[in-house]
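User: Hi! Could you walk me through this model in plain words?
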Amino acid sequence: MRGSPLKLILASLALFGLQRPVAACDLALALAVDVSASISPTEYEIQMQGLASALLDPEISEALTANRAAILLMQWSGTGRQSISLGWVRVTSHADMIALSAEIQEIPRAWKVYSTAIGEALLFAGKAFEAVPDCTRRVIDVSGDGLSNEGLAVSHARDALVAQNITVNGLAIETSIRGLTLYFREEVAGGQGSFVQTAANYADYPRAIRQKLLTEVIKPAF
């Protein structure tokens, strides 16, 4: 039996209301690379090449494209020295990942001789999320091999970001500072599902960044 036009319209509206909207972007990931004075030219290349290679890992690439992720890469050093090296890139296919990886491999270093201001780096990355308001999960991936020695207290910056539902994860490169992983856990990382990955040294960085990205891009079940 056919219903009245009004009943059909109401039924359609009810069905529409039960359908959950699909987010345009499930994950916005800001990759923050340390380029302070403690990083040698070789170590900078290891970071960039390791990152570029990790993004092409089949599991990571598939997860990022499935998440319809937006990815940004920034470099940071001392106070007032943070720059976006690669603006937000939307990845929806493996071809996008190949292009992104190729771009990262060619990015020149922004600074070489300045201090380490992790707090300012975090706030700079947090501000960048304003350009991707459709992304439901916002994560900062910050790597470094030293303690913050300049600028805003790291924990204050971290807490301000957590209050905005931004997650901060760390990659501590244990080269010369003992206890760096603990420092990153206590002062840097924060937010839902946050964690710190350790690289024993720069030779271990490619393995560590792959594991870190793999953990980050898999949507947590909270």
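Analyst: Happy to. One term before we start: two strands pair if DSSP finds at least two bridges between them. Strands (E, at least two residues) and helices (H or I, at least four) are DSSP runs, numbered from the N terminus. With that, β1 and strand β4 (residues 135–144) pair in the parallel sense over 7 bridges.

User: And what should I know about where the numbers come from?
Analyst: This is a predicted model, where local features need pLDDT of at least 70 and side-chain atom pairs count only at pLDDT 80 or more, while totals for chains, interfaces and linings use all residues. Residues are numbered from 1 along each chain as its sequence is written, and side-chain values use heavy atoms, with hydrogens and water left out.

User: Thanks. Which residue stands opposite Ala28 in β4?
Analyst: That is Arg138.

User: What about β1 and β2, how many bridges there?
Analyst: 7 bridges join β1 (residues 25–34) to β2, and the two run parallel. Leu29 has Ile71 of β2 as its bridge partner, and Asp34 stands opposite Trp76 in β2.

User: Is β1 mostly covered or mostly open?
Analyst: Mostly covered: 10 of its 10 residues are buried. Buried means under 20% relative accessible area, exposed means over 50%, and partly exposed is in between (1.4 Å probe, protein chains only).

User: In what order do the strands of the sheet come?
Analyst: 6 strands form an open sheet in the order β3-β2-β1-β4-β5-β6, with mixed pairing.

User: How do β5 and β6 run?
Analyst: They run parallel, with 4 bridges joining β5 (residues 166–173) to β6 (residues 196–199). Gly170 stands opposite Val196 in β6. The chain crosses from β5 through helix α7 (residues 180–188) to β6 in a right-handed β-α-β crossover. Right-handed here means that, with the strands pointing away from the viewer, the path from the first strand over the helix to the second runs clockwise.

User: Changing topic: how do α2 and α4 cross?
Analyst: Their axes come within 9 Å and cross at roughly 175°. That makes α2 roughly antiparallel to α4, a label for angles over 145 degrees. Axes are lines fitted to C-alpha atoms, for helices over the stretch in contact, and angles run from 0 to 180 degrees between N-to-C directions.

User: Which residues make the contact?
Analyst: Met48, Gln49, Leu51, Ala52, Ser53 and Leu55 of α2, with Met97, Leu100, Ser101, Ile104 and Gln105 of α4. Contact means heavy atoms within 4.5 Å.

User: And Gln47, where is that?
Analyst: Gln47 is in helix α2 (residues 41–55) and is buried, with a relative accessible area of 1%. Leaving aside neighbours within four places in sequence, Gln47 is in contact with Val33, Asp34, Ile39, Ser143, Ile173, Tyr202 and Tyr205.

User: Last one: what is phi at Arg68 and at Asn165?
Analyst: Arg68 has a positive phi of about 50° although it is not a glycine, and phi of Asn165, also a residue other than glycine, is near 65°. Arg68 lies in the loop between α3 (58–66) and β2 (70–76) and is partly exposed at 26% relative accessible area. Asn165 is in the loop between α6 (154–162) and β5 and is exposed, at 63%.

Terms used. Angles under 35 degrees count as roughly parallel, over 145 as roughly antiparallel, 65 to 115 as roughly perpendicular and the rest as oblique.
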